[in-house]
Each structure stands twice: as structure tokens, then as C-alpha cells.
Amino acid sequence: MSEEIKKGLLGIVVDETTVSHVVPELSALTYRGYKVQDLCDKCEFEEVAYLVLHGELPSKKQLNKFIREERSNRKLSKTIIKNIQQMPKNAHPMDVVRTCVSLMSLEDKDTKDNSQKSNMQKALRIFAQTPTAVAAYFRTRKGKKIISPSKKLSFSENFFKMMFNKIPDKEIVRAFDISLILYAEHSFNVSTFTARTITSSLSDLHGAITGAIASLKGPLHGGANEAVMHMMKEIGKPEKAKSWIENALAKKKVIMGFGHRVYRTGDSRVPTMKHYMFKVAKLLNKNKYPKIYEILEREMLSKKNIHPNVDFPCGPTYYMMGIDIDFYTPIFVMSRITGWSAHIMEQHASNKLIRPLSKYKGEQVREVMLLNQR
Ligand code: ACO
């Protein structure tokens, strides 16, 4: 048997999927065959969530039912609320949201049921409740009263209401909705592959999503949207951006929000998110970070020929919206639950245990010495 090592599974095709596809020649990412740019132009986030989960865009009737079910599942149990209130104030919100999804598994009557029907219902409940958990911790940490979800508001409006007790201008809500559409799905990335690997042992959806959240937290993956903003804050002002990046590159630093395993000539989600970042900046009259964005993007392209990924415009967009930096990746979770769930169901429908091999380079077989002889 060949022992050629493909570290990081670089270039390895491990399975088939119908959920999403990167089409380099169209510079497009498609969800279920639809270009994500078109979805951003023509759909609300809820329609895209339905598409990712169910495989087709909903009819009006299907969408109304989906929205009704999502809205009526938003409330968290008293036990989970109590747990959130008792969590350390300095915890990372990604650890909080991971723990909350794990707690949801203890309460869900269908946790062990891996049927497609049950998985779809569980996915919907996690999708509906996660924003409530994120916002509850956001407010608890600030010593503020938790705001219950509303059944009258859209997914994004409700999130703003639960976070800030007010809903911003509709253009701001739309920019947030767009970020959720762009974050919903991206084929076999690290967290999705984690979810599929967990699923492949016939474990359950809550466990797979909990593992996927842990995987998304890392700064080489979803955690990059937070790292981008820390970097921009460290740079501080546009006049310092050029020298900062020159210095960082001279020290061979990895620049957060740049590069991608799949896209080598630019992340197809970036132009859309960049457009909305500038819209938000204009509406709120906040130009500092978009200016830093432009300089870093220009310098990275000219010096390294490396393009930004979607986390690069998302970081400053959320910052301008007034969201604490460590909540950016939990927001990514709120959307990616749809993609993870679709992949978990796809894995269950055609499962094969995921179990790669390794090339051994440790000690050769040797004798165990008794404790008093070592
Ligand atoms: N800054 C500086 N150099 C970079 C960067 C970067 N952000 N990204 C890639 N490179 C360089 C590497 O140093 C490497 O150079 P070398 O060939 O001279 O050693 C070359 O480009 C290839 O990069 P790899 O790290 O080998 O590419 P890989 O596919 O393994 O990694 C990754 C992709 C992890 C995304 C990488 O680009 C990175 O670390 N980016 C920063 C973190 C980030 O933004 N992650 C978010 C990804 S998008 C998402 O998950 C939603």
C-alpha cells in the first residue's frame, strides 16, 4: 500500500456532495446550484437557510411554514438560560455557544434519532435557538437583562433586538443578512469535515454540530473574522497600515483574513461582502476601517499576490455595527448550522466510516522494562 502523505488532505477528494460547489471559471460559489451572489441579490437569509437544508428554494407556502417553525422554536429552556447566567464573564462566546448546543442535546427528545426527518427537526431547533443563546450571553456578560426572542421579527431583526434592544436601519439589517447568506455553506471546509467525520461513526447531529463549532473557532478558519478586527485595531489608523503590513510580511507573519485553501485567485464571496461593508460605513459615517481594508488588500495583492477571504470584510462590518469582537465567530455559527446540518444528513444518507491511515515514524517495537528497572 502506498504511504504517500497528503498533509492537510491537500487536494484529496474524500466524498461527493450536492450541497455546494466552488466553480472557479464562474468565480462563483453555488449552494444547491445557485450562485451565492444571485442569492444575495434576490433572497432573504431565511430562504437561503431553507435552500441549504432542503435542497430547493422554498415556495411561499413552504417559506411561511419554515419561518413559523423557526420563530416558534427560538426560546431557550430555563435550564439553559440559568446555565448561561452562571457562565464565567470572561469565557469566549464560542465556548459558550458550543456548550449551549451540547446542553440542547440533553433536552432534545430526538437526540439519538438519526433519521432524516428527526435530523431536519433537530437542525431547525438548534438553528432557531442558537441566536438566543448568543444574545443572552452577550447581555449577561454586560450585566444586562436578557431579552426574550420575538415571533414577529425576521431572523436578523430578532437577533439585533435580543442583542441591543433595538433594530437598526433596514440597510444595516440587510448587510447582516448578507453576511449570514455568505457564511451559510462552503463544502468540505474544516468544520464541515469535522461534522461529517463525527457523523461517520453514526453519532448524532447535536454532537456533530458541537464538534464543528470547536473546529470553526480556530483562527485559520472561522476565528479569522475576529483576528482580522484585532489586527485592524492594532494598526489603528489608515496612515499606519502600509508600514504595518510591510513589517508583518518581513517577519513572515500570517495576515488574518487573507488566503484560502480552495480559492487561489480570490474568494468569490468577498466582492459582495465588501460592497455591503462600504454601504454600512457610509450609512454610519465610519470610514477608518474600510480605509485600512483597502490598503491591506492592495499591499497583500501587490507584495504576495494573496487575496482576502470573506472574513476580511465581515470583521469590520460587524465592528461598525457595534458587535463585540469575540461574538463574530458565534454569528458565523448561527448561519453555518444550516450547512453543517445539510452535510450531516448527507453523510447519514450514504455513510462510510471516515478513518484515514498514518505513516508511522515512532520507535520500533521494544521491550517494556519494569518500573524499578527504568
Ligand atoms: N498571510 C501570509 N501568507 C499567507 C497567507 C496569509 N494569510 N495565506 C497563505 N499564505 C502563504 C503561505 O505562507 C504559503 O507561502 P509559502 O508557500 O511561501 O510557504 C502560501 O501562501 C500557501 O499558503 P498555505 O498556508 O500553505 O495554504 P493553506 O491552503 O494551507 O492555508 C489558510 C489556507 C489556512 C486559509 C491560510 O491562507 C491562512 O492561514 N490564512 C489566514 C487565516 C484566515 O484568514 N483564515 C480564514 C479562511 S476562510 C474561512 O475559514 C471562512
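A residue is called buried when under 20% of its relative accessible area remains, and exposed when the value is over 50%. The exercises below apply these cut-offs to a predicted model.

**Exercise 1. Which residues of helix α4 are buried, and why do they lie on the same side of the helix?**

Step 1. Helix α4 spans residues 78–86, and its buried residues are I80, I81 and I84.

Step 2. Around the axis these residues cover an arc of only 100°, which places them on the same side of α4.

Step 3. An α-helix has 3.6 residues a turn, so residues three or four places apart point the same way.

Step 4. K78, K82 and Q86 are exposed on the other side of α4.

Step 5. The partners of the buried residues of α4 are α5 (93–107) and α6 (116–141).

**Exercise 2. Find how many residues of helix α7 are buried, and which helices they pack against.**

Step 1. Helix α7 covers residues 155–164, and seven of its 10 residues are buried, so the helix is mostly covered.

Step 2. The buried set consists of F155, S156, N158, F159, F160, M162 and M163.

Step 3. These buried residues pack against α2 (45–54), α3 (60–72), α6, α8 (170–183) and α16 (328–349).

Step 4. After α7 comes N165, which has a positive phi near 60°.

**Exercise 3. Describe how strands β1 and β2 are joined.**

Step 1. Strand β1 (residues 20–23) and strand β2 (residues 28–31) run antiparallel and are joined by four bridges.

Step 2. Opposite H21 stands T30 in β2.

Step 3. Four residues lie between the strands of this hairpin, and S27 takes a positive phi near 50°.

**Exercise 4. Characterise the interface between domain 1 and domain 2.**

Step 1. The domain assignment gives domain 1 as 17–218 + 330–349 and domain 2 as 224–320.

Step 2. Taken over C-alpha atoms, the centres of the two domains are 25 Å apart.

Step 3. In the contact count, 24 residues of domain 1 meet 19 residues of domain 2.

Step 4. The domains bury about 1700 Å² between them, with 65% of that area on carbon and sulfur atoms.

Step 5. L182, Y183 and H186 supply 29% of the area that domain 1 buries against domain 2, more than any other three residues.

Step 6. One salt bridge is counted between domain 1 and domain 2. E171 and K279 form a salt bridge in which the closest N and O atoms are 3.4 Å apart, against a cut-off of 4 Å.

Technical notes:
Residues are numbered from 1 along each chain as its sequence is written. This is a predicted model: local features need pLDDT of at least 70, side-chain atom pairs count only at pLDDT 80 or more; totals for chains, interfaces and linings use all residues. Side-chain values use heavy atoms; hydrogens and water are left out. Buried means under 20% relative accessible area, exposed over 50%, partly exposed in between (1.4 Å probe, protein chains only). Helices (H or I, at least four residues) and strands (E, at least two) are DSSP runs, numbered from the N terminus. The arc is that of the directions from the helix axis to the C-beta atoms. Contact means heavy atoms within 4.5 Å. Two strands pair if DSSP finds at least two bridges between them. Domain bounds come from an automatic or database domain assignment. Buried area is the accessible area (1.4 Å probe) that two parts lose on being put together, summed over both. A salt bridge is a side-chain nitrogen of Lys or Arg within 4 Å of a carboxyl oxygen of Asp or Glu.
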